[in-house]
Structure formats: C-alpha cells, structure tokens
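Work through the exercises below with the model open. Each task is followed by its solution.

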Amino acid sequence: MCFRKSIVILSLLACMALPLPVVALMLGLSTEKLTHSAALIVTGDVDDVASQWTADKKFITTTAVISVQQVIKGKLAEKKIRVMHMGGQVGDIVMRQSDVEPLHKGEKVLLFLSPEEELSGGSAFRIEGKAQGKYSIGADLIARKKGFSAQAADAPLDISLPLETLTKKIRAYVDEE
Amino acid sequence: MKNKQTLRHYVAMLCTGSVLVLCACSGQAWGYQVSTTGTGLEIRWPTPSAGFYINTADGPSGSLSAIKAALQTWTNVSASNFSFAYKGTTTSTNCGSNDGTNITCFGSLGAQEANTLALNTYWFDSTTGYLADSDIEFNTDFAWATDSSPSALDVQTIAVHELGHALSLADLYGSGDTAKVMYGSAEPGEIKRVLTQDDMNGIIHLYPGGAASTTTTTAPSGTTTTTILVPGGSCPAAYALGQDHPYLEKLRAFRDGPLAHSAPGRRIIRIYYDNAGSINAALERSSALRSAARGFFEAAALLMADKK
C-alpha cells in the first residue's frame with residue numbers, strides 16, 4: 001500500500017514538474033491591454049482540435065472548435081467558434097512556433113480573440129498576444145496562463161487568479177471603452 | 001499470478017518513468033530546461049551540429065558579426081561537442097518553413113505579430129524528437145542595434161537566446177534565472193551575450209563532449225534493434241549505487257528484458273539515458289538526493305527481482 005502511495009505521489013510530482021517550454025520573446029501584455037485589443041473575449045470548452053498544412057504546404061496550423069459558454073466582450077451569434085494558431089502536428093511532423101500555447105481538446109478556457117485574417121480571411125479567430133491571451137480554467141476555477149516569455153516579465157500580467165476576479169476585471173475595462 | 005507479475009511490471013515501469021520524468025523535466029532543479037515532444041522525448045539535433053545561413057537585410061549594421069558571435073558563443077562551450085556552423089550569407093527570406101535550411105533573418109512580422117519581438121519556428125519528428133529545421137526571425141517593427149544602444153534590442157543578446165532555443169533549450173522564469181541567457185525576458189538596451197554556467201550545462205546535457213558508449217536493446221521480433229547512446233557511459237543507477245553493487249545486474253536485466261520489449265519501456269530507456277548527465281549532476285550536488293536515489297534503485301531492484 002505504501003509503495004502504491006509512493007507511486008501516486010511520484011506520478012503527481014512528475015506531472016507537476018512537466019515544463020511547458022516556449023521560445024522567443026514578446027511584449028508583456030497586461031489584462032487591460034489584452035481587453036482593449038481583443039474584439040471578442042469568451043469562456044468556453046475546447047471541443048475539437050485538428051492540425052493541417054497551409055495551402056502552400058509551408059506551415060502547419062491548428063484549428064480548435066470552441067463551445068462558447070460566456071461572452072465577456074463583443075457580440076457573437078454562434079455558439080461555436082473556430083480559433084486558429086500556428087504550429088501543430090501532421091503525421092510525425094511537428095511544427096512549433098514562439099510563444100504559441102496550443103489549445104487542448106477538453107480544456108476549459110478564457111480567450112482574448114481577434115479575427116484571424118491571414119489564413120482564414122476573418123472566418124476564424126486568433127488569440128491576442130498568443131499564449132498571453134489564453135487562460136486555462138482549472139476545476140478550482142482558477143484561470144492560469146503560461147507558455148510565453150514576455151518583455152518586462154515583472155509587469156503585472158495576471159498569470160494566475162480566480163476566474164471570477166479575472167472576469168470582473170475584464171468587464172471593468174470593457175465598461176471603460 | 002501472471003496478472004500479478006504483469007501488474008508489477010507496470011508498477012515498476014511507472015515508478016521508474018515517473019522518477020525519470022521528474023528528474024528530466026524539472027528544469028529549475030538543473031538550472032536549465034529542455035524542450036520535449038508531446039510524449040516527453042527531449043528534442044535535439046540528430047548530430048551535434050547545425051549550420052545557419054544569415055540574412056542581414058533590414059537589420060542594423062554589424063548584424064552579421066553579432067549573429068556570428070552568437071553562434072560562436074555556444075560553439076565555444078568546450079565540454080559540449082556541439083558546434084554551430086556559419087554557412088554564409090543568404091538573401092532568402094524563407095524564414096519558418098521546413099526546408100532543411102536554417103536561417104536567421106530580419107523582417108516585419110505583420111499586424112498579427114505586433115507584440116512579438118523575435119520568432120523561432122522549429123520542426124521536428126515526433127517519434128525521435130530530432131530537429132529538422134530551425135529558423136529565427138527578428139521583428140523589424142521594433143528597433144534593433146549592435147552598438148549597445150539603450151533604446152533598441154541588442155541583436156547579439158537576442159541571437160544568443162534564440163540560438164539556445166535552436167539547441168532545444170527552453171525559457172526560464174525563476175527569480176534566480178534572471179542573469180541567464182535563457183531567461184524568458186529581454187528589454188531594450190539589455191546586454192546579455194555571455195553564457196552562465198547553467199546555460200552551458202544545458203548544451204552540455206544535450207550534447208555532451210565525452211566519448212559515447214552504446215547500449216543496445218532489441219525489440220521482441222528480434223528484427224529491430226534500437227541503439228541508444230549513453231553519454232560518457234554514465235548511468236544514474238550505477239552512480240547512485242556504485243559500480244560494483246550487486247543490484248545493478250537486476251536493474252540491467254529489467255532494462256534489457258521487460259523494458260526493452262515494449263514501446264513504452266524503450267521510451268523510458270531513451271528518456272533515462274537522455275537525461276543521465278543531468279541526473280548524475282544533480283546526484284553529485286546533493287547527498288540527500290543520492291541517498292534517496294539509492295533507496296529508490298534498491299527498492300526497484302528488489303521489486304523487479306521479486307517477480308521471478
């Protein structure tokens with residue numbers, strides 16, 4: 001029994017220690033900046049994720065389907081939206097790009113979004129500030145973001161806070177607009 | 001009975017894997033962090049070298065020298081056998097695509113990348129973790145300089161950092177990491193062109209300079225042979241227990257038997273030896289960790305022997 005417990009503890013420790021490596025450098029974006037630059041801010045569930053080559057076969061992009069639960073900023077007629085980001089895996093080939101934090105199927109998220117123009121012509125969304133504009137919402141209702149390296153990392157970037165606090169904060173910035 | 005043995009196999013594998021993943025992945029403990037595939041394999045170049053072409057168009061004067069110096073900074077780490085090769089200048093702006101040609105270039109990343117100072121795009125094989133292409137693009141929507149200008153980003157500083165990523169080293173965020181080249185933040189005027197010991201330990205871990213020995217595991221069919229390089233012949237179990245410890249044979253039998261005969265097992269072997277240098281370095285630093293590792297390996301050996 002003791003051995004079994006050790007295994008569970010070691011496994012949990014291992015999971016906690018798993019890093020989220022990222023590369024490169026971005027401007028640090030405060031919640032206020034993210035709110036003002038995003039056209040749409042939503043919470044929702046990641047229903048599906050699929051990667052594909054771009055039409056010119058040069059890059060891999062990933063499209064996630066999000067079931068929207070709550071619209072915090074902007075207007076939205078649909079209940080499901082598509083969010084695209086650079087990088088992904090097709091077959092055994094993986095492309096990764098700086099500061100892109102992938103969306104994972106089954107994940108609950110809060111996203112700062114803007115229309116994606118380059119690849120979808122505006123029919124899909126992209127995440128503002130890449131990884132900075134994505135919060136994962138845990139079962140503890142804490143919103144956490146990670147996977148980016150920002151200029152002036154000591155700036156108040158709201159890395160981890162209760163979802164309710166974050167939502168109120170965003171709504172206050174929206175009201176200022 | 002057989003089920004019990006199988007369960008024990010899995011328990012032992014899970015336990016070993018958990019410890020190794022923990023050792024392999026807690027970058028802060030080692031002072032550096034390595035990028036991994038979705039299944040935990042360390043990402044690296046298949047051979048300890050990578051060549052870069054440099055496109056200085058739209059960059060500040062002195063960019064070529066600055067980037068060449070950055071390449072040389074990593075190559076100069078004597079305890080690593082890795083070398084970056086300067087392949088020449090190029091006019092190609094094909095930054096980011098998987099064409100097998102690594103380039104650095106300057107260019108506007110456009111409105112959608114308005115907050116990105118520099119961008120690294122890299123490609124690898126998910127089954128091996130081997131890199132195939134890595135390109136670095138400096139966003140000219142920001143000011144760049146090579147003369148330590150306080151209002152511009154220093155090309156050499158950012159190039160050394162980005163080339164660390166090209167080696168497969170990841171960003172660090174700890175309060176004790178700020179002096180490191182691989183710290184995940186930079187500001188205009190900041191000059192950080194010299195590697196710290198932890199930065200060097202990162203490249204040494206990935207591409208150790210010592211002579212390599214090999215250990216070979218054979219898949220069940222007997223037709224496929226997986227050869228795993230063991231850096232410098234080091235094995236954390238041997239290090240923790242001592243080279244003459246009688247339990248080492250039990251551990252090796254488990255490695256070459258149950259572990260080597262399953263795909264997850266072979267992956268654990270690969271992760272184990274990939275991270276042997278780092279694990280040994282940590283064991284060397286901490287007697288408490290050595291003691292804990294000794295206890296773990298002894299318990300694991302007994303468990304594995306018990307199945308017989």
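**Exercise 1.** How many bridges join strand 1 of chain A to strand 4 of chain B, and do the strands run parallel or antiparallel?

Solution. The model is predicted: local features need pLDDT of at least 70, side-chain atom pairs count only at pLDDT 80 or more, and totals for chains, interfaces and linings use all residues. Residues are numbered from 1 along each chain as its sequence is written, and chains are lettered from A and ligands numbered from 1 in the order in which they are written. Strands (E, at least two residues) and helices (H or I, at least four) are DSSP runs numbered from the N terminus; two strands pair if DSSP finds at least two bridges between them.
- Strand 1 (residues 25-27) of chain A runs antiparallel to strand 4 of chain B, with two bridges.
- A:Leu25 has B:Ala118 as its bridge partner.

**Exercise 2.** Find the other partners of strand 4 (residues 116-125) of chain B.

Solution.
- Strand 6 (residues 93-97) of chain A joins strand 4 of chain B antiparallel through five bridges, and A:Gln97 stands opposite B:Thr121.
- Strand 5 (residues 131-139) of chain B is an antiparallel partner over seven bridges; B:Phe124 is bridged to B:Leu131.
- The hairpin of strands 4 and 5 of chain B has five residues between the strands, and B:Gly129 there takes a positive phi near 80 degrees.

**Exercise 3.** How many residues of strand 4 of chain B are buried?

Solution. A residue is buried if 20 or more other C-beta atoms, placed from the backbone, lie within 10 Å of its own, exposed if 12 or fewer, and partly exposed in between. By this count nine of the ten residues in strand 4 of chain B are buried.
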